[in-house]
Amino acid sequence: MSDALPIEATTPTPLLELRGISKEFPGVKALDDVSFAVYPGEVHMLLGENGAGKSSLMKVLCGAYHADAGEFYHNGEKVAISSTADAQKLGIAVIFQEFSLVPYLDIAQNIFLGREPKGRIPGTIDRRKILADARRVLGTIGFDIDPSTTVDKLGVAQQQMVEIAKAISQNARILVMDEPTAALSDRETELLFALIARLKADGVSIVYISHRMAEVFALGDRITVLRDGRRIDGVRPADVTPDQLVRMMVGRNVDMTYPRNFADKPGEILLEVKGLTASTGISDINIEVRRGEIVGLCGLVGSGRSEVARAIFGADPVTSGEIIFDGKAIAGEPDLATRRGIALIPESRKSEGLALLRSVSDNLVVSALRKLFPSGLFDQRGAQRTSDSLIRQLRIATPSARQTVGLLSGGNQQKVVIGKWLAAGSKLFIFDEPTRGIDIGAKSEIFALIDRLVAEGAAALMISSEQVEICHVCDRAYVMREGRIAGHLTRNELTEENIVRLGMHHA
Amino acid sequence: MTDITKDAIAPPRSFLSQDAIQLFYRLLAALLICAVLAVLSDSFLSLGNILNVLRQASLTFFIASGLTLVVLTAGLDLSVGANVALSACIAGTVIHKTGSPALGILTGLACGGIVGLLNGIMVTALRIPSFIATYGMLWVLNGLTYWYMAGETLHGFPAGFRQIGSGYLFGLPIPVYLLLVFLGIGTLFAQRTIWGQEIYAIGANPVAARLSGIPVARRLLLVYAVSGTMAGLASIIFLSRLNSAEADIGESLTLPAIAAVLIGGTSLFGGVGTVFGTFIGALILTLVLNGMNLLSVSANWQPLVTGIIVILAVWLDMKTRRRAQ
């Protein structure tokens, strides 16, 4: 492991330098002797799989975590960062993925929250000054908007701009951004990149966490790769290829494989959706899924994919249309769908898929209680046995079935959600973004699992924004646009290009 | 493939579950209070006093046990005390009119259960937050009871009926037997039935519970109906013990029941707690009040002490749980 970043002779002192940072949580070394330097006016990309230590490093940087060991230097002088106030004083600001804006206050109030200019009457705010100040700050980042607009009226990209304006107004010199383009459209991403260039020119340094290889090379001046809490290497984009970076991140050669054994001919029809319309914004949906098939459901975010999944599962009421499952019509709440053999692996695993504070075992058996204990009498040991066998079968990395599920990594949490439906003996698995926030290794395991399920006679309907995944894994796919099915692609027609073409407006 | 040891995050939980540890601390606290009271007061350890404590604790426990289930689902039932009053007055009237204690008991239980069911309907079908639904119900029930009783007091019930609240069997008060029975039933229901498991799951994350195929609305109806029925049961014991019923008997019951649930370690956020914990909570609450009586501390201090115990218990819980995670 190289000790320092490649430093040229003319390189100035780092604006901020972290040396030998370690942070331990019970049972896990989140950061292990990590050194990290930020130079003035650079974009420093931070790369790593989930659980590599990016978030921990970010939290140490902004004072939210207190490092167990290590030193901080600001312009070459030793400093301490033991609170968020310390970090703020050093000019460090973080733009988290979840914004910390107050929705019912306006932009100006959000920018100066807690630092409002005082009015003449004690306890009041100088309205004219706060608006003028806000306008000035927004002007410096080139964001043209009325500062008296309330934040709840803003889109994600605009809220992000307000966050950045807030940081700039606090004289931030180091801006830490956590996957800032994750929720942005292409056009919004371009605007953000332009802003980043502008901030750079003003000498602001940016620590940028990203999972998108294209961004890393388009924006980065320097790249630090973390893996398992350790700094693996620091490189310049010009000196590496994307493949080399991936290898650093995963520590081995992984060509993302999509294990899939396509069946010669699919089985009988398991799910038939006819003219399904729901008040959630989907209309006249016609879908068919056969045993042994993985059917993709694609389209842009907001095109109604999740709504179709929820309507089939009974989670949202249906206005008209028919859902025929396994030869019989089905209409009712999710408990009926569950009994009949439909499984939903929801998009948001933490808020909709798991009871985070309960144990792995509790979560694994929750949908199968009636099946496992037909007498109605629950038996902890029986639950434990079922869980232990699922943990082995799915290779869930957990110290025991009694571990709190919220403490597992994203990939393992997702396996618990899937395991819950294996225990229930489901026949149709509806996956809504099954690989979101999961590292590459776990992704490929999950695809192997889906493949095995359908090979054994189950069927899967898979929603994914990762078109590569759909193309490699699905037998065929439906593409949605504005709440309707815009088209159907057979295995041969299934290309990223076709998906995009059908999913785009006015195609 | 992923190295399976790579993201093993935390060490396995200790041998005892978190719940067991919390219960152990509570039992210890109850014993400690007993020891202190035994030293400070000669009469504390007398048989009469101990039986009195158990009988008192049982009254709080009946109401609090049903309430525990509601709180496990992250709900609250503020109408339990008012429910006891209405059920007692109606049951008392039925006994007076028909002369049949059995019929009276059934009416009392049914009245309590129906009120609970109505709470459940408000929470599930009308989607009113339980705190508000049952708070409104509290006023409605009070109104009904005051109107129905019109300032009257029901008094004088058959001797056989009065045995329920004040009689003894093999030297133990009959409510204590009932306490043991319902402690057993409640614990079995919560820990050993799939309904109990589903209730914990709903409290831990209602959205995930619904999307895991749990019939959330039906379980909530059940839970509120059980809470109401337990209030109905408490109303019978009260009626029998006091040998009278008035419109205002429920007013001092709800807050102690909530206190017992909280001292017993059930989280108001749902998903965490046990019926047995609530029993110990009721016991601790009763012991402290009993001790203050024995030591001739003015009754005016009792609410203050109750409040401090509740805050202390919840704070200690949060502390130990946070450390455990």
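Predicted model: local features only at pLDDT ≥ 70, side-chain atom pairs only at ≥ 80, totals over all residues.
**Chain A, domains**

I began with how chain A is divided. The domain assignment gives domain 1 as 1-91 + 176-255, domain 2 as 103-172, and domain 3 as 268-341 + 427-435 + 461-507. I then looked up the spacing between two of these domains: the C-alpha centres of domain 1 of chain A and domain 3 of chain A are 39 Å apart.

**Chain B, overall fold**

Next I turned to the secondary structure of chain B and found 13 helices and four strands. How compact is chain B for its 325 residues? Its radius of gyration is 21 Å, close to the 20 Å from the globule rule, so chain B is as compact as a globular protein of that length. For its extent, I noted that the C-alpha atoms of chain B fill a box of roughly 75 × 55 × 35 Å along the principal axes.

I also checked burial, and 49% of the 325 residues of chain B count as buried. Among contacts in chain B with a separation of 6 or more, 79% join residues 24 or more positions apart.

**Chain B, annotated segments**

I then went to the UniProt record, an unreviewed entry, which places "transmembrane region" at several stretches of chain B, including 23-45, 57-76, 168-190 and 220-240. I looked into two of them in the model. Residues 220-240 of chain B are 100% helix and 0% strand, with end C-alpha atoms 30 Å apart. Residues 168-190 of chain B are 74% helix and 17% strand, and there the end C-alpha atoms lie 29 Å apart.

Notes
Residues numbered from 1 in each chain as written. Chains lettered and ligands numbered in written order. Domains from an automatic or database assignment. Helix = DSSP H or I, 4+ residues; strand = E, 2+ residues; numbered from the N terminus. Rg over C-alpha atoms; globule rule 2.2 N^0.38 Å. Buried ≥ 20, exposed ≤ 12 C-beta atoms within 10 Å, placed from the backbone. Contact = placed C-beta atoms within 7 Å. UniProt positions renumbered as here; feature names shortened; annotations may be inferred.
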